[in-house]
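Student: I'd like to learn how to read the place where two chains meet. Could you walk me through it?

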2 protein chains.
Amino acid sequence: MMLDKGLVLMSDTRTNSGVDNVSVFRKMHHWSVPGERIVAIMTAGNLATTQGVISQIEERNKAHADRHNSLLEAETMFQVAATVGKLLRETIASSTARNGEEAASTFTASMIVAGQIKGGEPRLFLVYPEGNFIEASFDTPFFQIGETKYGRPIIIRGHDRDMSFEDAVKLLMVSFDSTIKANLSVGLPLDLMVIEAGKFEPAHQRRVKADDAYYQAVSAGWSEALKNAFHALPDYSFYTK
Amino acid sequence: MMLDKGLVLMSDTRTNSGVDNVSVFRKMHHWSVPGERIVAIMTAGNLATTQGVISQIEERNKAHADRHNSLLEAETMFQVAATVGKLLRETIASSTARNGEEAASTFTASMIVAGQIKGGEPRLFLVYPEGNFIEASFDTPFFQIGETKYGRPIIIRGHDRDMSFEDAVKLLMVSFDSTIKANLSVGLPLDLMVIEAGKFEPAHQRRVKADDAYYQAVSAGWSEALKNAFHALPDYSFYTK
């Protein structure tokens with residue numbers, strides 16, 4: 001999510017291949033050079049694909065010889081998004097080539113790329129499996145990937161570009177809580193990161209576990225708050241014209 | 001939606017085959033024999049399929065010779081759901097047979113069957129394209145078909161079996177409003193019907209158009225009510241453990 005103050009990122013950690021094979025994997029990754037750049041990637045889709053892309057990024061960052069292809073050397077966030085897109089497309093294509101076209105949809109994945117490189121503003125991209133990407137603006141100030149629908153209405157209503165980081169975190173927790181209550185494929189813990197504009201390292205990071213007191217307060221309080229909101233609306237009458 | 005008092009049904013009227021071909025069609029139909037039965041069907045999916053099924057039901061109801069296959073003669077709501085399921089499966093199968101297996105998904109549709117026949121309770125069924133069906137109970141007291149996800153969290157939180165019909169209508173309007181704000185494939189007007197247990201005709205019916213004063217009050221008021229609910233939640237702090 002884009003704010004005037006920076007970026008707020010949240011991802012869950014649940015992966016599944018069937019309801020009897022559920023695991024916890026990190027889907028948020030970041031790299032930073034203090035004072036110079038921070039790049040974060042969140043992933044959705046086939047885990048082998050997304051781990052493959054993240055591993056390749058890690059290797060390039062470490063291999064000095066290939067430093068010109070590294071996210072740590074890219075000159076702009078646009079270049080970062082293009083590199084991630086290329087890696088994602090190639091990773092999906094190579095899995096598909098080994099397994100036949102009909103398996104293509106199995107290996108699909110998408111990513112959100114967020115961050116800031118010195119000399120530029122904080123930027124937010126949604127990278128498609130095809131390798132192309134779109135950028136958020138204050139007309140469309142947030143992206144979701146994966147199980148997007150349940151949590152979308154509350155973000156549409158609640159987002160405000162000048163809201164505080166704290167309110168944005170609260171909003172994302174409400175959104176995730178709605179999704180988690182509706183769909184088994186999304187689950188705790190959540191990973192949270194705040195990127196403050198002009199500060200090239202995470203301003204705040206937390207793993208929100210099931211016993212997190214604040215998450216529990218939001219989850220329990222939201223039911224009550226919604227009930228009050230609901231009763232605050234005018235009552236329907238059968239006899240109104 | 002099932003309540004202790006009866007059933008509350010709501011459907012939108014938007015159909016589309018592409019964003020440049022959007023039309024208004026009724027997706028809620030009902031038949032009643034005052035004092036004896038009321039049966040309502042709501043539809044989602046391919047319009048030719050769902051209109052085909054509804055037309056066949058209409059013809060059977062009119063043709064006295066075929067009266068034993070008519071919804072107006074079925075002895076229980078279970079029989080009604082079975083008949084609707086059979087018609088739905090056959091209609092999809094005949095379109096598929098004419099057009100080849102690969103077109104099967106084009107013709108798919110699903111239906112919600114609701115109503116009461118004298119001697120039984122009000123009952124609610126979800127009928128699948130395959131013709132089989134499931135029945136709601138107070139463990140799972142509502143069904144959605146079509147674009148279900150955006151509007152689901154608020155129903156999960158808000159449903160209460162002993163709520164009034166008026167509150168149930170308010171809840172469904174909030175749910176539809178969230179979906180309409182998030183997705184172009186769902187749109188006004190909405191059709192609303194209340195079936196009161198033991199009263200074998202609609203207790204209340206309305207077409208909710210864009211200029212409906214109550215809908216507008218809910219739609220505008222919900223944003224404000226949600227903001228208040230949001231602020232009523234405890235604030236997040238970067239420094240909480």
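**Reading the interface**

Tutor: Happy to! In this predicted model, 33 residues of chain A are in contact with 33 residues of chain B. On chain A, three helices each supply at least two residues of the side that touches chain B: α3 (152-158), α4 (165-182) and α5 (213-232).

Student: Which helix gives the largest share of that side of chain A?

Tutor: That is α5(A), with twelve residues.

Student: And how do the residues on that side of chain A divide into nonpolar, polar and charged?

Tutor: There are 18 nonpolar residues, eight polar and seven charged.

Student: Through what surface do the copies meet?

Tutor: The copies meet through the same surface, because 100% of the interface residues of chain A are also interface residues in chain B.

Student: Now the helices. What describes two packed helices?

Tutor: The general idea is to give the angle between their axes and the distance between the axes. Here, α5(A) packs on α5(B), residues 213-232 of chain B, at an angle of about 150°, and the axes are 9 Å apart. An angle over 145 degrees counts as roughly antiparallel, so α5(A) is roughly antiparallel to α5(B). Their crossing is right-handed.

Student: Which residues meet there, in α5(A) and α5(B)?

Tutor: From α5(A) come A225(A), L226(A), N228(A), A229(A) and A232(A); they meet A225(B), L226(B), N228(B), A229(B) and A232(B) of α5(B). By class, this contact of α5(A) with α5(B) has eight nonpolar residues, two polar and no charged.

Student: Let me try the packing inside chain A. At what angle do the axes of α4(A) and α5(A) cross?

Tutor: They cross at roughly 65°, and the axes come within 10 Å. Again the handedness can be given: α4(A) passes α5(A) in a right-handed crossing. On the α4(A) side the contact is made by K170(A), M173(A), V174(A) and D177(A), and on the α5(A) side by Y215(A), V218(A), S219(A) and W222(A).

Student: How does the contact of α4(A) with α5(A) look by class?

Tutor: It has five nonpolar residues, one polar and two charged.

Notes: Residues numbered from 1 in each chain as written. Chains lettered and ligands numbered in written order. Predicted model: local features only at pLDDT ≥ 70, side-chain atom pairs only at ≥ 80, totals over all residues. Contact = placed C-beta atoms within 7 Å. Helix = DSSP H or I, 4+ residues; strand = E, 2+ residues; numbered from the N terminus. Nonpolar A, V, L, I, M, F, W, Y, C, P; charged D, E, K, R; others polar. Axes fitted to C-alpha atoms, helices over the stretch in contact; angles between N-to-C directions. Left-handed = near helix turned anticlockwise from the far one by under 90°. Parallel < 35°, antiparallel > 145°, perpendicular 65-115°, else oblique.
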